[in-house]
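Have the sequence and the 3D view open as you read.

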Amino acid sequence: MKHQFCGLLMGAFIPLFAMTAEAALGDQLVTTSSTSSARKATSSGSSYSVSEATTDDGVKVRQYVDSQGRVFAISWKGATLPPLSELLGAYLPEYKKEVKSRGRQFGRRSLKVSTDNIVVEGSSRQTDQRGRAYIPASLPQGFDLKEINFNE
C-alpha cells in the first residue's frame, strides 16, 4: 500500500513538458512539435504519459502512452466527432465491422463497442461529442480506466 501511494505521489510531481503526440491507437508515439504532456503513474507504480492536442476542428484529443512509447488509449471531447480513422488506426476495420453488425440504432446517444482487442465508448449530444478508446490488453498494470475521460 505504501508503495502504491508513493507511485501516485511521484506521478503528481513530475513536471509538465512540451511535445506533440501523433499516433493512432496501438502505434508508437511520434513527437514532432509542442503540445502539453504529463507523466503519471498507476497505483502499482507503472508509468505512462498523457498528451493533449487540439484538432483543426477544435476537438481536444488525449493520448495515453505506456513506458515503451505505445499509445494504449485515446479520449476526445469537442463539438464534432474527431476523425476516427486517424485515432483508431489499424483497429478501425474491427470497430466498423462490430458497429455494422449491430445495425442502425435510432435515438441512441451513447455507444459502447467491445471487441476481442479494443473498447470504444462515446456519447453524443448536439455540440458535445465525447469518447474514449483503449486496448484492454495493453493497459499498464494498475491502470484505472477512470483516468481516460474528458468529464472534468
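Start with arginine 102, which counts as partly exposed because its relative accessibility is 32%. (Buried means under 20% relative accessible area, exposed over 50%, and partly exposed in between, using a 1.4 Å probe and protein chains only.) Arginine 102 pairs up with glutamate 98 in a salt bridge at 3.8 Å, N to O; that term means a side-chain nitrogen of Lys or Arg within 4 Å of a carboxyl oxygen of Asp or Glu. The two sit 4 residues apart in helix H3 (residues 92–102), so about one helical turn separates them. Helices (H or I, at least four residues) and strands (E, at least two) are DSSP runs, numbered from the N terminus.

A quick word on the source: this is a predicted model, where local features need pLDDT of at least 70 and side-chain atom pairs count only at pLDDT 80 or more, while totals for chains, interfaces and linings use all residues. Residues are numbered from 1 along each chain as its sequence is written, and side-chain values use heavy atoms, leaving out hydrogens and water.

The count comes to 5 salt bridges, including these:

| Pair | N to O distance |
|---|---|
| arginine 102 and glutamate 98 | 3.8 Å |
| glutamate 52 and arginine 62 | 2.8 Å |
| aspartate 128 and arginine 130 | 2.9 Å |

Glutamate 52 in strand E3 (residues 47–54) and arginine 62 in strand E4 are 10 residues apart, so their pair links distant parts of the chain. Arginine 62 is buried at 15% relative accessible area, whereas glutamate 52 is partly exposed at 21%.
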